[in-house]
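This briefing collects computed features of one protein chain. The sequence and coordinates come first, then the notes by topic.

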Amino acid sequence: MDSTSSVDKKVEREGSDHVYKPTIDTSDVDIAARLTAGKEISFTPEEAARLSINIFIWAVALLCHAASKNFGELLACRIFLGICEGAITPGFLIVTSMFYTRKEQSQRVGYWFLMNGAAIIMLGLIAFGVLHITSDSLMPWQWLMIITGIITLIVSVLFWFYFPDSPATARFLTPEERIIAVERIKVNQAGVENKHFKLDQCLSNQRQIIVAGFGFTVGQTTLLGCVDGAVEIIVIFCTVTSATYWKNGRAYSGALAYSVAILGSILVNALPNHRVGLLFCYWISVTSIAPFVVMLAWVAATTAGHTKRTTTNAIVMIGYAVGNAAGPQYWKAVYQPRNHIPWAILSACWFVTAILLLVTRAYLARENAKRDKEQHDSKYDDIYITDVKADGTKEEIKVDKEFLDLTDRQNRDFRYVL
């Protein structure tokens, strides 16, 4: 126990020498990783294999945490962790857009994103359990890294064998079903996967601090994290369902969820020091995660052209990573325990983002109206490819515009979903 405790103290001492310590999280290096993800997904012949390798290295990085003995080694692990995590969300978005119509994408993105909530619940239970492990060789946090690393390793193997690249190569579909899967997304006007990169297309981190600040112990804070996950599942499900069935209501659903989050933030700032009341108000503010999920699906649905879509997804996730890196900087000890200033900053950011969603909707609606008034653009109506048969004969085959890798700007028949 003494040797491991000395590791913790050494890491803490070395980390305190660096002004960037609060930013050392997996989101820091997402900025570089998102751009890498966009390029990888476009160049590699098998996206499922690339994502599987990313998750495998992610698992190795988690396991290496347990062997780290100083701040530098932990930092190296976090960097590799962030690089691998960085490709996951953009990769999922691309695959989702290849299997589902634009109307379906908000709900489907929500379904896989709310698994974050399920992971938070599982992690909370595991973390609470390892707090009770007494060992002379490993500290509880090291056990946590080992357990989550093994789980991630298993997931990487499952991804390798079962995760599909695209409808055209999905192993769980028959040849006839693959044709149907490709045909049904023609309405997206976004094309299908193209492996060539085209130059012309080219709160969560602070949860424990917040809850502990209300007056809960370490054990209670860890266990209450499970409720965070449950709340996240509920709010994401409700918001993406609203975005799907509320006609042209994606921005409205996101803005409404932000309004609820702002209410929770104001209540946290305004209520007296009653830890249960503050905790419930904090859970109300967790609604802020839901508009991000809607926005992810909206970006994928309003961007056409494989290269442009991957690049746009990368840029969006860069913004997300920058926010995660900047967020910890204003949760300072001087504002504890109630953190009035940080909560005020959050409220302001959520308000501005809600306005931006509505402004974006207005812009896209105007663009749709403009295209409705334009004459039909026949530039891409008669595109043919040459099919060389086994006997050497050639046949000209017409390619539908829906299957051309055109951007939403190039394809004037494309209409933005609202």
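This is a predicted model: local features need pLDDT of at least 70, side-chain atom pairs count only at pLDDT 80 or more; totals for chains, interfaces and linings use all residues.

In which helix is the place of Ser347? Ser347 sits in helix 16, which runs over residues 340-373.

**Chain overview**
- The protein chain contains 16 helices and two strands.
- Of its 418 residues, 48% are buried.
- The accessible surface of the protein chain is about 20,500 Å², and carbon and sulfur atoms account for 66% of that area.

**Annotated spans**
- An unreviewed UniProt entry carries the annotation "transmembrane region" for residues 79-100, 112-131, 143-163, 222-245, 252-271, 277-301 and 343-364.
- In the model, residues 79-100 are 91% helix and 0% strand, and the end C-alpha atoms of this span are 33 Å apart.
- Residues 277-301 are 88% helix and 0% strand, with 39 Å between the end C-alpha atoms.

**Second largest pocket**
- The volume of the second largest pocket is about 300 Å³.
- Its lining consists of 13 residues, and those nearest the pocket centre are Val95, Thr96, Trp112, Phe163 and Pro164.
- Helix 5 (88-99), helix 6 (102-113) and helix 8 (140-162) are the elements that each give two or more residues to this lining.
- The most comes from helix 5, which gives four residues to the lining of the second largest pocket.
- By residue class, the lining of the second largest pocket has 11 nonpolar residues, one polar and one charged.

**Helix 13 and its neighbours**
- In helix 13 (residues 275-285), the buried residues are Leu278, Leu279, Cys281, Tyr282, Trp283 and Ser285.
- These buried residues of helix 13 pack against helix 10, helix 11 (218-245), helix 12 (250-270) and helix 16.
- Val211 belongs to helix 10 and touches, beyond four places in sequence, Phe216, Thr221, Leu224, Leu279 and Tyr282.
- Val211 counts as buried because its relative accessibility is 3%, under the 20% cut-off.
- Between Val211 and Arg275 there are 64 residues of sequence separation, while their C-alpha atoms are 8.7 Å apart.

- Why does Ser347 count as buried? Its relative accessibility is 13%, and buried means under 20%, so Ser347 falls in the buried class.
- Leaving out residues up to four places away in sequence, Ser347 touches Ile262, Ser265 and Ile266.

- Most residues other than glycine have a negative phi. Two residues with a positive value are listed here.
- Asn248, in the loop between helix 11 and helix 12, has a positive phi of about 50°.
- Asn248 is partly exposed because its relative accessibility of 32% lies between the 20% and 50% limits.
- Asn339 has a positive phi near 55° and lies in the loop between helix 15 (306-326) and helix 16.
- Asn339 counts as buried, at 2% relative accessibility.

- Where is Ile185 placed? Ile185 is in the loop between helix 9 (175-184) and helix 10 (207-213).
- Ile185 and Thr101 are 84 residues apart in sequence, yet the C-alpha to C-alpha distance is 5.3 Å.
- Asp405 occurs in the segment after strand 2 (394-399).
- With a relative accessible area of 10%, Asp405 is buried.
- His306 is 99 residues from Asp405 along the chain, and 6.6 Å separates the C-alpha atoms of the two.

Key
Residues are numbered from 1 along each chain as its sequence is written. Side-chain values use heavy atoms; hydrogens and water are left out. On a 1 Å grid over the protein atoms alone, a cavity is a set of points where a 1.4 Å probe fits but cannot get out, and a pocket is an open set with protein on both sides within 12 Å along at least five of seven lines; lining residues have an atom within 4 Å of a point. Grid points are joined across faces, edges and corners, and a volume is the space filled by probe spheres set on the points. Ala, Val, Leu, Ile, Met, Phe, Trp, Tyr, Cys and Pro count as nonpolar, Asp, Glu, Lys and Arg as charged, and the others, Gly among them, as polar. UniProt positions are given in the numbering used here, feature names are shortened, and annotations may be inferred rather than shown by experiment. Buried means under 20% relative accessible area, exposed over 50%, partly exposed in between (1.4 Å probe, protein chains only). Accessible areas come from the Shrake-Rupley method with a 1.4 Å probe; for residues, only the protein chains shown count as cover. Contact means heavy atoms within 4.5 Å.
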